[in-house]
Amino acid sequence: MDNSRPNLLEEALVEDGIGSVKIQKRGRVVVVEDCVETSAAFVLHHFLKRSLQPDSSDVVVFIAFAHPFSHYERILRKMGCNLAVQRKNQRFLFLDMLILECPDRNGGEAKEDGLLTLYGEIEKAVEIYSSLEGSRTITIMIDDVSLMEVAANGSSNHMLDFLHYCYTLKAKYGCSLVTLNHKDIYSSANTLPLILQLEYLADVIIKAEPLATGLASDVHGQLTVLNKGSACDLGSSNSKVRNFHFRVKENNVDYFYPGTQT
């Protein structure tokens with residue numbers, strides 16, 4: 001890969017087309033969606049690494065429904081980011097939902113209480129990080145919404161309330177919110193309003209899909225990035241859509257337009 005080639009994903013995230021703008025600095029809501037054939041986990045890893053750059057003091061609150069800490073640590077280490085060190089330095093708070101009994105699965109009241117308890121932990125962490133000296137942006141990441149649906153026994157109303165609570169932290173503290181959703185695995189017709197609400201709240205929607213032409217050995221899928229810019233109206237001239245292919249490697253990802261890969 002030509003290292004001088006611009007990163008198409010980063011370019012798609014720039015609002016004004018003039019300079020490089022990190023999503024963490026804008027307090028934006030990013031919704032990442034994928035499917036069975038094409039995982040978008042690498043997009044989440046990209047944002048995680050960008051948030052924890054050594055030249056910043058930004059913080060990530062990571063809610064993991066999908067994998068244990070060791071999974072992310074192994075992947076990010078290959079990308080040059082040591083999560084264990086960042087955790088020790090209090091820049092990375094990892095909430096492991098695989099071992100915590102929250103949300104609880106033993107009844108309607110418990111499910112709601114579990115999500116409220118989880119939100120309370122997130123809000124408390126955000127308050128503490130925001131009170132510290134220095135300029136920092138706090139990014140809340142959820143991996144993934146579809147598994148939160150399973151943990152909540154399909155209670156999409158409680159899930160939507162929880163996500164709205166997290167969204168309020170954007171206005172109050174300037175937090176960013178990044179969610180990953182394997183929408184075609186767990187989501188049912190009952191959760192369609194949840195998906196639509198997430199997309200409505202999003203400033204950026206990133207969709208990973210298989211190639212329309214089928215499988216290819218040197219191309220792993222295509223990304224569609226809808227950047228709404230500073231306007232909520234999808235028809236606004238500030239909105240832009242980018243489509244390009246990607247190839248996931250061991251320690252990085254190549255992004256390229258069709259026919260330009262090397």
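## Helix packing

Helices α7 and α9 are roughly parallel to each other. They pack at an angle of about 10°, and their axes are 10 Å apart; the angle counts as roughly parallel because it is under 35 degrees. The model discussed here is predicted.

On the α7 side, the residues that meet α9 are Met159, Leu160, Leu163, His164 and Tyr167. Their partners in α9 are Leu194, Gln197, Leu198 and Leu201. By class, this contact has seven nonpolar residues, two polar residues and no charged ones.

A second pair, α2 and α3, is arranged otherwise: these helices are roughly perpendicular to each other. Helix α3 comprises residues 69–78, and it packs against α2 at an angle of about 70°, with the axes 11 Å apart. The contact is made by His45, Leu48 and Lys49 from α2, together with Tyr72, Ile75 and Leu76 from α3. Its residues divide into four nonpolar, one polar and one charged. The table sets out the two pairs.

| Helix pair | Angle between axes | Distance between axes |
|---|---|---|
| α7 and α9 | about 10° | 10 Å |
| α2 and α3 | about 70° | 11 Å |

## Helix α2 and histidine 45

Helix α2 covers residues 41–51 and is mostly covered, with nine of its eleven residues buried. Among the buried residues are Phe42, Val43, Leu44, Phe47 and Arg50. His45 and Leu48, which take part in the contact with α3, are also buried.

Histidine 45 lies in this helix. Its relative accessible area is 8%, and it is therefore buried, the cut-off being under 20%. Leaving aside residues up to four places away in sequence, histidine 45 touches Tyr72, Ile75, Leu76 and Met79. Of these, Tyr72, Ile75 and Leu76 belong to the α3 side of the helix contact.

## The enclosed space

How many cavities of 30 Å³ or more does a search of the whole structure find? The search finds one. The largest cavity holds about 40 Å³ of space. Its lining consists of Val29, Leu163, Tyr167, Leu177, Thr179, Leu198 and Leu201. The elements that give two or more residues to this lining are α7 (156–173), β5 (176–182) and α9 (192–201). Six of the lining residues are nonpolar, one is polar and none is charged.

## Local backbone features

Two loops contain backbone features of note. Aspartate 143 and aspartate 144 are joined by a cis peptide bond, with omega about -5°. Aspartate 144 is placed in the loop between β4 (138–143) and α6 (145–151).

Glutamine 90 has a phi near 65°, a positive value in a residue other than glycine. This residue is found in the loop between α4 (83–88) and β3 (92–96). Is glutamine 90 buried or exposed? Glutamine 90 is exposed, with a relative accessible area of 54%, as the cut-off for exposed is over 50%.

## The chain as a whole

The chain contains nine helices and nine strands. Of its 262 residues, 51% count as buried. Among contacts in the chain with a separation of 6 or more, 70% are accounted for by residues 24 or more positions apart.

Note on methods
Residues numbered from 1 in each chain as written. Predicted model: local features only at pLDDT ≥ 70, side-chain atom pairs only at ≥ 80, totals over all residues. Heavy atoms only, no water. Buried < 20%, exposed > 50% of the residue type's maximum accessible area, 1.4 Å probe, protein only. Helix = DSSP H or I, 4+ residues; strand = E, 2+ residues; numbered from the N terminus. 1 Å grid on protein atoms, 1.4 Å probe; cavity = no way out; pocket = protein on both sides within 12 Å on 5 of 7 lines; lining within 4 Å. Points joined across faces, edges and corners; volume = space filled by probe spheres on them. Nonpolar A, V, L, I, M, F, W, Y, C, P; charged D, E, K, R; others polar. Axes fitted to C-alpha atoms, helices over the stretch in contact; angles between N-to-C directions. Parallel < 35°, antiparallel > 145°, perpendicular 65-115°, else oblique. Contact = heavy atoms within 4.5 Å.
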